[in-house]
Amino acid sequence: MTAAEIHTPVNLARTLELLGPALLRPDAVLVDATLGMGGHAQAFLERFPDLTLVGIDRDPEALAIAGARLARFGDRVRLVHAVYDEWPKVLAAAETQSVSGILFDLGVSSLQLDQVERGFSYSKDAPLDMRMDGTSSLTARHILAEYSELELRRIFYEYGEEKLAPRYASKIIARREHEPLETSAQLVDVIIAATPAAVQRAGHPAKRVFQALRIEVNQELAVLERAIPAAMDSLVVAGRIVVLSYQSLEDRIVKRIFAARSASTAPAGLPIELAEHRPLFSLLVRGAELAGEDEKAINPRATPVRLRAAERLLVRA
Ligand SMILES: C[S@@+](CC[C@H](N)C(=O)[O-])C[C@H]1O[C@@H](n2cnc3c(N)ncnc32)[C@H](O)[C@@H]1O
């Protein structure tokens, strides 16, 4: 299958519509912070013929696929192997300190999910890996073998919002004393055996633990927390940012950072707002926008998506 066949970009039309006004200038630079297989990138390059696109991904395999797909755009495309909080590296590739548009389409790609051997899925037996970047060192197997019961409990609570975190952590510790947990099927067995029959779950019992492990392996939330402010700081006036989040933990981080930057810092009761108190950004959508029925019908992966977008109003010296 080609990259275009494997993956339909999520909320593509809405993303083009929201970022479009920022990309009309002839020197426009768009940073696609989560290039994946280059679906969004290709559409932007086609729609805006003067656009330069900097595409980042931590997954070398995704970069290779997107690189081949986007080769026909020549030097309008610059690819960077980086984690997206390495923003100075991004700006160096962009050859500018300020960019016109930024897209974050968070999480794992369909390529990563569909490659069984990468171990992201609880429904397919595979080694417990879960690295988005196969060249990094921390794997889910390592976490399950080395982390203390307390640490496991914490990540299941914090990153999986798993109520049964203490129970699962203690069963994992007990199991690993007999045999190492190497595969997703072994982990799923432990979780199913530890889940009381009376507990009603939304979805598979292992879903939240797998999410937690993936977040820990890739340090997803800590990286996002650093990346969004750095990205927003690099926008020109009238530049725009769109973020697509797939789970509430990510969306909460984006919401908080967007809210802080779009609020006036004027002390309550001041009769007029001084320039130094004016908000730096305005929000382009109210709250978090969900995918419409049409979008979900063509692309089921859009179902959990929450979209947020903001525009830069001013730059303070
Ligand atoms: C949902 S996919 C993006 C799909 C893309 N928009 C497309 O149309 O093909 C997310 C991509 O972001 C990458 N990614 C996730 N977190 C990252 C991070 N912290 N730094 C860099 N890339 C990251 C993943 O490796 C994955 O390829």
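Okay, let's start with a question: is the crossing of H12 and H13 left-handed or right-handed? It's right-handed. Before I go on, keep in mind that what you see up there is a predicted model.

So, let me stay with that helix pair. H12 packs against helix H13, residues 248-261, at an angle of about 30°, and their axes are 10 Å apart. The cut-off for calling two helices roughly parallel is an angle under 35 degrees, and H12 and H13 are therefore roughly parallel to each other. Who makes the contact? On the H12 side you've got Glu220, Leu221, Leu224, Glu225, Ile228, Pro229, Met232 and Asp233. Facing them from H13 are Leu249, Glu250, Ile253, Val254, Arg256, Ile257, Phe258 and Arg261. Sort the residues of the H12 and H13 contact by class and you get 10 nonpolar and six charged, with no polar ones.

Now the other helix pair I wanted to show, H9 and H10. H9 is residues 165-176 and H10 is residues 184-194; their axes come within 10 Å and cross at roughly 125°. H9 and H10 are therefore oblique to each other. The handedness here: H9 passes H10 in a right-handed crossing. From H9, the residues involved are Arg167, Tyr168, Lys171, Ile172 and Arg175, and they meet Gln186, Leu187, Asp189, Val190, Ile191 and Ala194 in H10. That contact of H9 with H10 splits into six nonpolar, four charged and one polar residue.

While we're on H10, have a look at Ser184, which sits in that helix. Asp114 itself belongs to helix H6, residues 110-114. With 46% relative accessibility, Asp114 counts as partly exposed.

Right, on to the inside. In soluble globular proteins, nonpolar side chains tend to be buried together. Here, the largest nonpolar core has 67 residues, and the ones touching the most other members are Trp87, Phe104, Phe156, Leu213 and Ile241. Which helix gives the most to this core? It's our friend H12, residues 220-233, with seven residues.

Let me pick Ile241 out of that group. Setting aside neighbours within four places in sequence, Ile241 is in contact with Leu19, Ile102, Phe104, Ala231, Met232, Leu235, Phe258, Arg308, Ala309 and Ala310. Met232 and Phe258, by the way, are also in the H12 and H13 contact. There's also a second, separate core, with 29 residues, including Leu30, Ala41, Leu45 and Leu53.

Two of those names, Ala41 and Leu45, also come up in helix H3. H3 covers residues 39-47 and is mostly covered, with seven of its nine residues buried. Those buried ones are Gly39, His40, Ala41, Gln42, Ala43, Phe44 and Leu45.

Next stop, Leu284. You'll find Leu284 in the loop between strand S6, 281-283, and strand S7, 289-290. At 26% relative accessibility, Leu284 counts as partly exposed. If you skip residues up to four places away in sequence, Leu284 touches Leu18, Arg240, Ala309, Ala310 and Glu311. Take Arg240: it is 44 residues from Leu284 along the chain, yet the C-alpha atoms are separated by 9.0 Å. And Ala309 and Ala310 were on the contact list for Ile241 as well.

Asn11 has a phi near 50°, a positive value in a residue other than glycine. Where is Asn11 found? In the loop between helix H1, 3-6, and helix H2, 12-19. Asn11 is buried, because its relative accessible area is 5%, and the cut-off for buried is under 20%.

Ala238 also has a positive phi, about 75°, although it is not a glycine. Ala238 is in strand S5, residues 235-245. With a relative accessibility of 38%, Ala238 counts as partly exposed.

That's my tour, thanks everyone.

Definitions and conventions. Residues numbered from 1 in each chain as written. Predicted model: local features only at pLDDT ≥ 70, side-chain atom pairs only at ≥ 80, totals over all residues. Heavy atoms only, no water. Axes fitted to C-alpha atoms, helices over the stretch in contact; angles between N-to-C directions. Helix = DSSP H or I, 4+ residues; strand = E, 2+ residues; numbered from the N terminus. Parallel < 35°, antiparallel > 145°, perpendicular 65-115°, else oblique. Left-handed = near helix turned anticlockwise from the far one by under 90°. Contact = heavy atoms within 4.5 Å. Nonpolar A, V, L, I, M, F, W, Y, C, P; charged D, E, K, R; others polar. Core = buried A, V, L, I, M, F, W, Y, C linked by side-chain atoms within 4.5 Å. Buried < 20%, exposed > 50% of the residue type's maximum accessible area, 1.4 Å probe, protein only.
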